Amino acid sequence: MTVLTGETPPEPPVPDCGIPEHLATRMNMAEQYEYLRTKLSRRRTLVTAGAVAGGLLTGCAGGTGTSDQKAAAPATSKVPGAVVTPFGRHLAFGADPKTEMRISWQVPFAVKKPYVRVGTRPDDLSRRITAEVRDLHTPGLTGVRPAVEQYYVHAALNGLRPGTTYYYGVGHEGYDPAAPAHRPTIGTFRTAPANPEKFVFTAFGDQGVSNAAAANDHVILREDPAFHLHAGDICYADTNGQGKTTDGYDPTYWNLFLKQNEPVSRSVPWMVTTGNHDMEAWYSPDGYGGQLARWSLPENGFDPSHAPGVYSFVYGNVGIVALDANDVSYEITANLGYTDGKQTKWLDGRLRELRATKGVDFVVVFFHHCAYSTSTHASDGGVRAEWLPLFAKHQVDLVINGHNHVYERTDAIRDNAVGRAVPIGASTDPTKDGIVYVTAGGGGRDLYGFPAGVKESYEGHVTRHGTVDTVQWAKGQHTKAETVEWSRVRYRGFSLLSVEAESGSTPRLKVSALDGNGKRIDHFEVRRGH
């Protein structure tokens with residue numbers, strides 16, 4: 001497959017997985033998984049780091065969409081390592097960005113003895129770190145797709161020096177990145193500083209594979225961020241996003257996605273969380289077996305073996321918290337309540353810890369489903385009910401969401417109403433005004449709009465502020481109408497968020513939104529206690 005020239009790849013066909021329709025509509029993801037598992041005569045264990053995935057790779061049995069059973073056996077590769085070229089490099093921090101980095105990549109065939117070379121000079125990569133291969137098998141469906149075997153490689157670098165630039169190369173038996181022919185593949189990364197310094201981070205959600213997604217990557221590079229936050233709906237290999245085995249699914253989209261992002265993600269830690277399109281029901285009961293195979297993220301959430309998109313880290317004077325909103329979403333219920341309240345309990349404790357951490361001036365939370373938005377998916381009442389009381393309790397400074405493929409920014413919200421108007425260019429104080437919520441869903445996927453009659457309003461194109469008639473999702477997957485005043489900035493275009501964090505005597509977050517060409521469409525400041 002090649003990178004497509006249109007905005008999005010064509011949707012793969014929806015397979016018939018042998019679950020009767022009258023049952024499928026009533027089953028959550030775990031129940032569908034168990035139904036299919038008990039019907040299979042063959043099973044295959046998902047191999048992940050430390051066997052943490054704990055799931056089974058299952059295909060569909062019965063009906064017209066049967067598994068390709070011949071593909072269920074572990075694949076072996078006799079391709080010489082010298083002709084196997086790594087691709088799709090992507091970085092992520094460990095739990096401590098000052099001393100830990102995770103380097104991940106993909107290879108098209110199984111390789112032996114993978115490793116990373118690393119050093120503080122490009123001509124001295126003598127330190128060699130052993131890596132591991134995580135083999136991800138997607139069963140084939142007759143008449144729909146062949147079986148797919150994917151190989152993701154991961155190395156954990158610990159004991160690094162804070163505030164230091166490192167050079168690295170990835171290799172395996174027969175492929176040495178230090179060899180003259182492969183020297184152009186050498187990449188760099190920088191660890192977090194020991195003490196807070198001024199820095200930039202970027203964010204968006206809903207990226208996928210498209211020209212617009214690649215253009216946003218170029219804007220990110222120009223911003224030179226310390227890291228990037230991806231608020232879910234990462235690749236869209238699962239095009240339906242319902243978390244069901246009946247979703248249209250093509251795992252090879254991930255090959256395109258990682259190749260597309262490599263110019264950025266090979267040097268900028270790409271910190272992802274989980275959207276509804278990232279629940280890939282083919283791999284494990286909760287749908288996260290694929291995420292466990294492809295990503296190495298901080299393992300300090302409440303359960304990293306089953307909720308890899310839940311974690312936190314501190315960079316400079318900012319604490320970052322990633323959450324999995326599939327757990328609380330009233331709109332898309334495949335994983336509703338799957339943590340049995342454990343994630344919310346962890347969130348309460350982690351926000352308390354961050355507020356008590358010396359040197360942390362700001363706390364930023366990011367997740368997929370919107371707390372406040374007027375666009376297509378609107379606002380999720382489950383997010384509001386479960387997490388907003390904790391955000392208010394611990395005075396979170398900024399919340400970043402995706403899900404709606406637009407840019408929309410609220411005023412400061414307190415007690416579900418406008419606590420303070422925050423026009424473009426204004427400043428807000430979360431300790432007394434409330435919290436600003438940003439929907440940054442213009443990462444590259446097809447764009448949405450706003451309710452009929454509601455105009456866009458952004459920097460250079462400000463329209464009269466007023467109320468918006470919209471809805472929020474309630475329990476039972478139904479909506480209820482609401483008229484809101486908090487929708488301050490609206491932009492229907494590809495975009496991303498760029499946040500500059502300053503420490504010192506007057507700490508502040510300078511938040512800007514940029515369109516797909518890098519032009520600013522919104523900006524405001526967050527300052528505590530001013």
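# Group meeting: a walk through a predicted fold

Hi everyone, let's start with the surface: the protein chain exposes about 19,500 Å², and carbon and sulfur atoms supply 50% of that area. Accessible areas here come from the Shrake-Rupley method with a 1.4 Å probe, and for residues only the protein chains shown count as cover. This is a predicted model, where local features need pLDDT of at least 70 and side-chain atom pairs count only at pLDDT 80 or more, while totals for chains, interfaces and linings use all residues. Residues are numbered from 1 along each chain as its sequence is written, and side-chain values use heavy atoms, with hydrogens and water left out.

Now the overall picture. The protein chain has seven helices and 29 strands; helices (H or I, at least four residues) and strands (E, at least two) are DSSP runs, numbered from the N terminus. Of the 530 residues in the protein chain, 60% are buried. Buried means under 20% relative accessible area, exposed means over 50%, and partly exposed is in between, with a 1.4 Å probe and protein chains only. If we take contacts between residues at least 6 apart in sequence, 72% of them join residues at least 24 apart, where contact means heavy atoms within 4.5 Å.

On to the interior. In soluble globular proteins, nonpolar side chains tend to be buried together. The largest nonpolar core here has 87 residues, and Phe 227, Leu 229 and Ile 400 have the most contacts inside it. Helix α4 (residues 253-265) gives the most to this core, with six residues. Apart from this core lies another, of 29 residues, including Val 310, Tyr 372, Leu 388 and Val 396. A nonpolar core, by the way, is a set of buried Ala, Val, Leu, Ile, Met, Phe, Trp, Tyr and Cys residues joined through side-chain atoms within 4.5 Å.

What is Phe 227 in contact with, leaving aside its neighbours within four places in sequence? Its partners include Phe 93, Phe 199, Phe 201, Phe 313 and Tyr 315, along with Val 268, Pro 269 and Ile 320.

Next, the strands. Two strands pair if DSSP finds at least two bridges between them. Strand β8 (residues 148-157) is mostly covered, with nine of its ten residues buried. β8 pairs in the antiparallel sense with β4 (residues 101-107) over seven bridges, and Arg 102 has Ala 156 of β8 as its bridge partner. β8 also pairs with β7 (residues 132-138), again antiparallel and over seven bridges; there, Asp 135 stands opposite Tyr 151 in β8.

There is also an open sheet of four strands, in the order β6-β5-β9-β10, with antiparallel pairing. Its edge strands are β6 (127-130) and β10 (187-190), each pairing on one side only. From one strand to the next, the twist averages 30 degrees. Inside that order, β5 (residues 115-119) and β9 (residues 165-171) share five bridges, and Tyr 115 stands opposite Gly 171 in β9.

A three-strand open sheet has the order β17-β24-β25, and its pairing is mixed. β17 and β25 (478-484) stand at the edges with a single partner strand each, so one side of each is left without a neighbour in the sheet. Two bridges join β17 to β24 (residues 468-474), and these two run parallel; Asp 380 stands opposite Trp 473 in β24. Seven bridges join β24 to β25, which run antiparallel. These two strands form a hairpin with three residues between them, and Gly 476 in the turn has a positive phi of about 85 degrees.

Which residues have a positive phi although they are not glycines? One is Ala 378, at about 55 degrees, in the loop between β16 (362-366) and β17 (379-380). Ala 378 counts as buried because its relative accessibility is 2%. Another is Asn 416, at about 65 degrees, in the loop between β20 (412-414) and β21 (417-420). With a relative accessible area of 43%, Asn 416 is partly exposed.

Last, a helix pair. The axes of α6 (residues 342-355) and α7 (residues 381-393) come within 10 Å and cross at roughly 10 degrees. That makes α6 roughly parallel to α7. Axes are lines fitted to C-alpha atoms, for helices over the stretch in contact, and angles run from 0 to 180 degrees between N-to-C directions; under 35 degrees counts as roughly parallel, over 145 as roughly antiparallel, 65 to 115 as roughly perpendicular and the rest as oblique. Among the residues that meet there are Leu 347 and Leu 351 in α6, and Trp 387, Leu 390 and Phe 391 in α7.
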